[in-house]
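Please read them with the structure open.

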Amino acid sequence: MQDSLLVKRITLHRVNIPLQFTFKTARGTVQNRETIIIEMENEDGQKGYGECVAFADPFYTDETVDLAWHRLVHHYGPAMLSAQIERAKEIHDIADFVHAALGMMASERAGSESEYQHIHSPMAVAGLENALLNLECTVKGQNTVEYVMGESLQDTIPCGVAIGDIPMDTLIDVVRTHVEQGCQRIKLKIKPEDGYERTKLVRAAFPNITLAVDANRSYSFAQIDDVALLNDFNLACIEEPFDVSSVQTLALLKQEALSKGLWSITTPICLDESILTFEDLEYAVRHDLIDVLNIKIGRLGGLYPVKRIIDYCRDNDIKFWIGSMVETGVSKMLHVQLAALADTYMAGDLSDSKRYFEDDLIMPDITFTDGQMTVPKGPGLGVEVRPDVLSRYAVETVVIETL
């Protein structure tokens, strides 16, 4: 069996896939999922796939599809092939070197890169890492997530559904449909205008389901009392309630609220897009800003950073669960497998591929029966990527090869 890994070709597919429904949050709306699929091929013709899950618009983080594409085509991809790295873990060192070099170049001259110099690209790096890990583990005959995490996965996972900011008069019917199909956890996207009423309506209709809410940083800190009202509903967590620019800002505001006796939130606080690095998480834990962490591979920069972060959560009594990026199965399958870790806090944002896409990019696709899914544990992703569907939805393709 091959013991090292040399990639001879990277093919970048810029993909645009229609969603089966419009996904709306307090911060943005997605109707078509534009994404980047990274295909790596070694000298033996074996392939691995990863996905860069940045959105077209910067409503989630500053990293966009355009930025990630630019970095992958012009910097990360060529640098990776030039370095002839032999392990997926080495991609992170290459990315750090490239970003430092770009910052120096951009400060010396104006140009297309200057507008990007202060923006990191964890989702692009994660896509590269995931593709090489998929290839590496396929060669080794090991499952990617089990290989990185160093632990076995459970055989099944429960379904969890995130429901966007849909009309109030349809909300209960939509939730009921998912609950009747076996969904064990509902997460509502909320905003200050009707967040309390929306949550109250669902909790009254379904008093026993696991219920969480996600505000996507839509409440100002001055609305802290409105957030505290959600204590009434026995929620698993309130995700990203406050419109703050950083965990440092959140810490200052919380300290001030505590000193004035204004902090009365008892529902667990979950952080998502506020935590982009390991250092962010350390700071949030040190200042008592977080009870629960939403894990997303792309946001955190890859599976190796995710392992470090999960280990830290375990050591510091921070609960964690597995989110999703309205991504294709190339990325979501890794989230399915992470959700099969034995100590996840609640069901992830993981439901059928068919809910999102007419045709997903993997086979078999993600399918739950009576609210449960059997977790694929085969080599690499554990599923196959469908080249025909990938080709159908690709709007641009770039090939980077070794000389």
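1. Basis. This is a predicted model: local features need pLDDT of at least 70, side-chain atom pairs count only at pLDDT 80 or more, and totals for chains, interfaces and linings use all residues. Residues are numbered from 1 along each chain as its sequence is written, and side-chain values use heavy atoms, with hydrogens and water left out.

2. Salt bridges overall. The structure holds 28 salt bridges (a side-chain nitrogen of Lys or Arg within 4 Å of a carboxyl oxygen of Asp or Glu). One network of salt bridges links Arg-185, Lys-187, Lys-189, Asp-214, Glu-239 and Asp-349.

3. Asp-214 and Lys-187. These two form a salt bridge, with 3.6 Å between the closest N and O atoms. Asp-214 lies in strand 7 (residues 210-214) and Lys-187 in strand 6 (residues 185-189), so the bridge ties together parts 27 residues apart in sequence. Helices (H or I, at least four residues) and strands (E, at least two) are DSSP runs, numbered from the N terminus. Asp-214 counts as buried, at 1% relative accessibility. Lys-187 is buried too, with a relative accessible area of 1%. The cut-offs are: buried under 20% relative accessible area, exposed over 50%, partly exposed in between (1.4 Å probe, protein chains only).

4. Asp-311 and Lys-307. Here the closest N and O atoms of the salt bridge are 3.1 Å apart. Both residues lie in helix 11 (residues 303-315), 4 residues apart, about one turn of the helix. Asp-311 is partly exposed at 27%. Lys-307 is partly exposed at 25%.

5. Arg-392 and Asp-359. This salt bridge has its closest N and O atoms 2.9 Å apart. The pair links distant parts of the chain, 33 residues apart: Arg-392 is in helix 14 (residues 387-393), and Asp-359 is in the loop between helix 13 (353-356) and strand 12 (362-363). Arg-392 is partly exposed, at 46% relative accessibility, whereas Asp-359 is buried at 17%.

6. Helix 9 against helix 11. Helix 9 (residues 278-286) packs on helix 11 at an angle of about 15 degrees, the axes being 10 Å apart. Axes are lines fitted to C-alpha atoms, for helices over the stretch in contact, and angles run from 0 to 180 degrees between N-to-C directions. The two helices are therefore roughly parallel (angles under 35 degrees; over 145 is roughly antiparallel, 65 to 115 roughly perpendicular, the rest oblique). Which residues make the contact? On helix 9 they are Phe-278, Glu-279, Leu-281, Glu-282 and Val-285; on helix 11, Arg-308, Ile-309, Tyr-312 and Cys-313. Contact means heavy atoms within 4.5 Å. By class there are 6 nonpolar, no polar and 3 charged residues. Ala, Val, Leu, Ile, Met, Phe, Trp, Tyr, Cys and Pro count as nonpolar, Asp, Glu, Lys and Arg as charged, and the others, Gly among them, as polar.

7. Helix 5 against helix 6. The axes of helix 5 (residues 168-180) and helix 6 (residues 195-205) come within 10 Å and cross at roughly 35 degrees. Met-168, Leu-171, Ile-172 and Val-175 of helix 5 meet Glu-197, Arg-198, Leu-201, Val-202 and Ala-205 of helix 6. This contact has 7 nonpolar, no polar and 2 charged residues.

8. Phe-233. This residue sits in the loop between helix 7 (224-228) and strand 8 (238-239). Phe-233 is buried, at 7% relative accessible area. Leaving aside residues up to four places away in sequence, Phe-233 touches Tyr-196, Thr-199, Lys-200 and Arg-203.
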